[in-house]
4 protein chains.
Amino acid sequence: MAVTHGFLPHYTVTSHLCSMAGFKQFPEGMRHVHQLRVRYADTDRMDMVYHGTYAAYLEAARVEMLRDAGWVYAELEKAGVLLPVVQLNLTYKRPARYDQLLDVRTHVVAEPTTKLCLRCEVYHQEDLLVTGDVILVFVDAQSGRPCRPPEGLADKMHELGLIAS
Amino acid sequence: MAVTHGFLPHYTVTSHLCSMAGFKQFPEGMRHVHQLRVRYADTDRMDMVYHGTYAAYLEAARVEMLRDAGWVYAELEKAGVLLPVVQLNLTYKRPARYDQLLDVRTHVVAEPTTKLCLRCEVYHQEDLLVTGDVILVFVDAQSGRPCRPPEGLADKMHELGLIAS
Amino acid sequence: MAVTHGFLPHYTVTSHLCSMAGFKQFPEGMRHVHQLRVRYADTDRMDMVYHGTYAAYLEAARVEMLRDAGWVYAELEKAGVLLPVVQLNLTYKRPARYDQLLDVRTHVVAEPTTKLCLRCEVYHQEDLLVTGDVILVFVDAQSGRPCRPPEGLADKMHELGLIAS
Amino acid sequence: MAVTHGFLPHYTVTSHLCSMAGFKQFPEGMRHVHQLRVRYADTDRMDMVYHGTYAAYLEAARVEMLRDAGWVYAELEKAGVLLPVVQLNLTYKRPARYDQLLDVRTHVVAEPTTKLCLRCEVYHQEDLLVTGDVILVFVDAQSGRPCRPPEGLADKMHELGLIAS
């Protein structure tokens with residue numbers, strides 16, 4: 001059947017984007033889940049995701065975690081708060097493959113101070129592929145010095161159950 | 001209010017992922033729309049998306065176009081058909097910025113032969129930022145030689161109204 | 001023989017870095033040659049350099065061409081002149097492979113105005129792999145508008161024989 | 001003065017490539033030094049090298065360390081030995097900036113077994129910017145299982161004084 005424009009729904013369903021993401025309760029605790037698709041650009045000749053690519057995956061995941069919690073990182077920057085990474089520890093258990101739909105589960109592992117300590121776990125379906133511990137520092141863009149987290153952020157993380165006790 | 005696990009919806013809404021994507025009719029014709037978020041990793045010190053990053057954006061978009069049309073590129077590869085890029089022409093009109101939600105609109109600009117000729121347009125809202133013309137070649141993985149497109153692909157592209165006349 | 005520190009030369013030879021680069025006369029004209037090594041990060045699962053990677057290769061090459069001609073792009077930026085890419089046309093003839101030492105040959109294809117039009121050719125030994133035409137625009141960082149090239153740049157390009165006639 | 005081809009040296013000097021690299025004795029011990037230039041592609045909008053970029057920097061450095069020690073990693077792969085990264089711990093002390101010439105100093109921090117444990121330090125001149133601990137595993141490509149390091153590799157690392165005691 002040829003598509004006639006008058007009858008075509010404005011948008012067709014694209015299940016690959018309407019992903020099950022957001023905050024979710026797991027047996028081990030509350031996690032934010034961000035879903036992403038492995039691109040060709042992300043792979044290397046060993047036919048797996050290049051180990052350095054995960055830095056960008058984790059970045060995308062934590063930005064969405066903050067957004068879903070109510071903080072848009074781009075807005076934070078405009079307000080003069082930067083959040084550079086000061087430590088990144090990645091452990092590679094199993095390779096991720098091209099075109100896989102990965103879940104990055106993120107939670108907070110310590111009370112936010114000037115530092116935000118995150119644990120990220122990259123899953124393909126039920127397989128844990130990579131774990132990443134990321135430490136970021138809230139920095140005042142003007143002074144260049146560490147500063148407190150945005151008002152209410154720690155409370156919100158607690159409220160969401162995202163901070164591991 | 002503290003989140004009690006029993007009452008928490010399994011997943012909370014994440015509007016940023018449930019994007020308006022898929023095939024869509026525009027005044028200028030039918031387009032496949034793929035939506036993506038600009039990551040920090042994608043930017044450069046000029047505070048815009050690095051011009052080389054668009055290669056990966058366009059790749060992600062055409063893979064979803066093929067998927068939404070019924071062909072999973074990863075499956076094509078397993079079946080012995082590769083689809084390398086032989087030409088990429090990018091024209092940069094306006095910069096894309098960090099955290100913007102971009103729409104990549106893709107359509108086919110010529111009858112598929114051994115070549116697949118795509119036109120991609122990267123929009124932020126109503127602003128056209130970048131156009132990209134991509135020529136890919138269907139290649140038989142065994143012989144390394146150009147080959148015909150998968151059975152039914154050209155027909156499907158016509159049916160979807162994706163091929164510019 | 002064990003290396004004893006007292007006898008070890010301060011630096012051992014590293015032929016891979018002391019590359020034959022700079023301006024060089026070819027039958028087809030004068031070219032700037034920049035040599036680089038393909039990293040694992042640059043490859044994809046098709047066991048070749050990802051097609052988007054060449055944007056960074058060409059960028060590295062033209063920055064060294066400018067440096068060898070007497071202009072440090074980083075200094076230009078500090079002086080308020082940006083040089084964004086407005087067009088990039090890449091044609092892929094043969095794949096580049098992991099660990100290959102590639103030569104990027106660059107020359108100027110038109111009299112520099114507010115635009116700088118470059119032709120780049122990526123070689124592995126005698127094999128031409130990729131050609132890239134890049135158009136950049138000199139932009140005044142303050143006004144955001146196109147501006148003239150730095151004083152003396154066009155003359156120097158002529159003097160070096162880099163501008164194709 | 002116009003360049004006349006007959007008088008032009010075949011190659012002009014390009015000091016930026018003839019870098020001081022290879023094995024070098026430091027007060028704290030022997031190190032392999034790999035020098036690289038920060039590209040625009042490597043930076044992000046915070047005007048520094050994106051934190052994920054260092055994975056590729058460290059990869060380039062260890063491949064050159066192996067090459068200078070007598071092992072070409074690409075040849076190892078052809079011989080059926082892979083060397084995937086299983087752990088990467090990065091600590092960011094100071095930002096690297098566009099166009100800086102960075103030294104990556106690498107040494108071995110434990111007797112090579114099926115694992116190769118490296119410590120990498122990224123310097124700009126005398127400033128230590130980033131430290132990276134990388135654990136790689138020698139893997140038999142056929143069986144997919146960990147295997148011994150190539151014959152003679154551990155001895156050579158000792159001979160070079162590269163293994164921290």
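**Chat: tyrosines, a helix and some strands**

Reader: Tyr54(C) and Tyr57(C), are they buried or exposed?
Author: Tyr54(C) is buried, and Tyr57(C) is too. Buried means under 20% relative accessible area, exposed is over 50%, and partly exposed is in between, with a 1.4 Å probe and protein chains only.

Reader: What are we looking at, and how is it numbered?
Author: This is a predicted model, where local features need pLDDT of at least 70 and side-chain atom pairs count only at pLDDT 80 or more, while totals for chains, interfaces and linings use all residues. Residues are numbered from 1 along each chain as its sequence is written, chains are lettered from A and ligands numbered from 1 in the order in which they are written, and side-chain values use heavy atoms, with hydrogens and water left out.

Reader: OK, how many aromatic pairs over all chains?
Author: The whole structure has 20. Rings of Phe, Tyr and Trp (its six-membered ring) pair if their centres lie within 6.5 Å; planes under 30 degrees apart are stacked, over 60 edge-to-face, and the rest tilted. Tyr40(B) and Tyr98(B) are edge-to-face because their planes are at 70°, with centres 4.8 Å apart.

Reader: Where do those two sit in chain B?
Author: They're 58 residues apart, so to speak in distant parts of the chain: Tyr40(B) in the loop between β2 (29–37) and α1 (54–69), Tyr98(B) in the loop between β4 (85–92) and β5 (101–108). Helices (H or I, at least four residues) and strands (E, at least two) are DSSP runs, numbered from the N terminus. Tyr40(B) is buried at 5% relative accessible area, and Tyr98(B) is buried at 7%.

Reader: Back to chain C. How many residues of α1(C) are buried?
Author: 15 of the 16, so α1(C) is largely enclosed by the rest of the structure. Tyr54(C) and Tyr57(C) are three residues apart in that helix, so about one helical turn separates them.

Reader: What comes after α1(C)?
Author: Gly70(C), with a positive phi near 115°.

Reader: New topic: which residue has its charged end over Tyr123(B)?
Author: Arg105(B), 3.6 Å from the ring centre. The criterion is NZ of Lys or CZ of Arg within 6 Å of the ring centre and within 35 degrees of the ring normal. In chain D, Arg105(D) lies over the face of Tyr123(D), at 3.6 Å from the ring centre.

Reader: And how many bridges join β6(D) to β7(D)?
Author: 10, and the strands run antiparallel. Two strands pair if DSSP finds at least two bridges between them. β6(D) and β7(D) form a hairpin with two residues between them, and Gln125(D) in the turn has a positive phi of about 50°.
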